[in-house]
Amino acid sequence: KPLTISIYQRTTSSLEDKSNKPLMRYDMLFTLQDLKRSKINRWINIAAHYRPAMAILFGQRYAKVNVENQLLNAVSSIEAYHRRKFKNTVLDKTKWKAKKKRLVSSANDADRSYLNGVLQYANEKRLAIRLDEVVKHSGIGDNLIPNVPLWNKYVRQFRNALTHYDPAAPEEITD
């Protein structure tokens, strides 16, 4: 259904100080009353929820960014979006706590602290899963990405090569 929205916008570009004057309807784009009773409020809340992911992605459109940073920003944006849109863990919290406790307690005393640290984020989904879920959710896989598993593999390889420096790795990764 179409929704009629009244928008009030100032039409002059005066730089006068309005700090001592109360705002009038013609000074505002939207009033609080407009926001409370319209779908604009929902839109603003959704935009705020996904702002970190969108800021990473669209931030590079307004500055010159090299191709390597474009890739890192795009992947970071997908990860940030995925964390807000989808379930972030592999196992539910209680099952993971029990499994982690079992794994840590099975290690010798010297290794428990190390293993506990290593397992700190082990219940989070890996990048491969995040990429697949976002592509599947978006519906662009068939049209834009003909071979999603191969694309996923290359995105992860390039991202890891840029993020986790390895002097033994080939220097050219943008083949």
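The questions below take the labels one at a time.

Mentor: This is a predicted model, in which local features need pLDDT of at least 70, side-chain atom pairs count only at pLDDT 80 or more, and totals for chains, interfaces and linings use all residues. Residues are numbered from 1 along each chain as its sequence is written, and side-chain values use heavy atoms, with hydrogens and water left out.

Trainee: What makes up the secondary structure of the chain?

Mentor: The chain has eight helices and zero strands. Helices are DSSP runs of H or I with at least four residues, strands are runs of E with at least two, and both are numbered from the N terminus.

Trainee: Why is H3 called roughly perpendicular to H6?

Mentor: Helix H3 (residues 67-85) and helix H6 (residues 127-138) pack at an angle of about 75°, with axes 10 Å apart. That angle makes H3 roughly perpendicular to H6, since angles of 65 to 115 degrees count as roughly perpendicular, under 35 as roughly parallel, over 145 as roughly antiparallel and the rest as oblique. The axes are lines fitted to C-alpha atoms, for helices over the stretch in contact, and angles run from 0 to 180 degrees between N-to-C directions.

Trainee: Which residues make that contact?

Mentor: Contact means heavy atoms within 4.5 Å. On the H3 side the residues include Val-75, Ile-78 and Tyr-81, and on the H6 side they include Leu-127, Leu-131 and Val-134.

Trainee: How do you know that H6 has the length expected of a helix?

Mentor: The expected span is 1.5 Å times one less than the number of residues. H6 has twelve residues and reaches 16 Å from its first C-alpha to its last, close to the 16 Å expected. For H8 (148-163), the 16 residues should span 22 Å, and the end C-alpha atoms are 22 Å apart, so the two values agree.

Trainee: Which residues of H6 are buried, and what makes them line one face?

Mentor: Buried means under 20% relative accessible area, exposed over 50%, and partly exposed in between (1.4 Å probe, protein chains only). In H6, Leu-127, Arg-130, Leu-131, Val-134 and Val-135 are buried. Seen down the axis of H6, these buried residues fall within an arc of 125°, so they line one face of the helix. The arc is that of the directions from the helix axis to the C-beta atoms. Among the elements that cover them are H3, helix H7 (141-144) and H8.

Trainee: What puts the buried residues of H8 on the same side?

Mentor: The buried residues of H8 are Val-148, Asn-152, Val-155 and Arg-159. They cover an arc of only 65° around the axis, which puts them on the same side of H8. Their cover includes H3, H6 and H7.

Trainee: Why does Trp-151 count as partly exposed?

Mentor: Trp-151 lies in helix H8. Its relative accessibility is 26%, so Trp-151 counts as partly exposed. Leaving aside neighbours within four places in sequence, Trp-151 is in contact with Leu-131, Val-135 and Ile-145.

Trainee: What makes Lys-39 exposed?

Mentor: Lys-39 has a relative accessible area of 60%, so Lys-39 is exposed. Lys-39 is found in the loop between helix H1 (32-36) and helix H2 (40-59). The C-alpha atoms of Lys-39 and Leu-3 are separated by 8.5 Å, with the two residues 36 apart along the chain.
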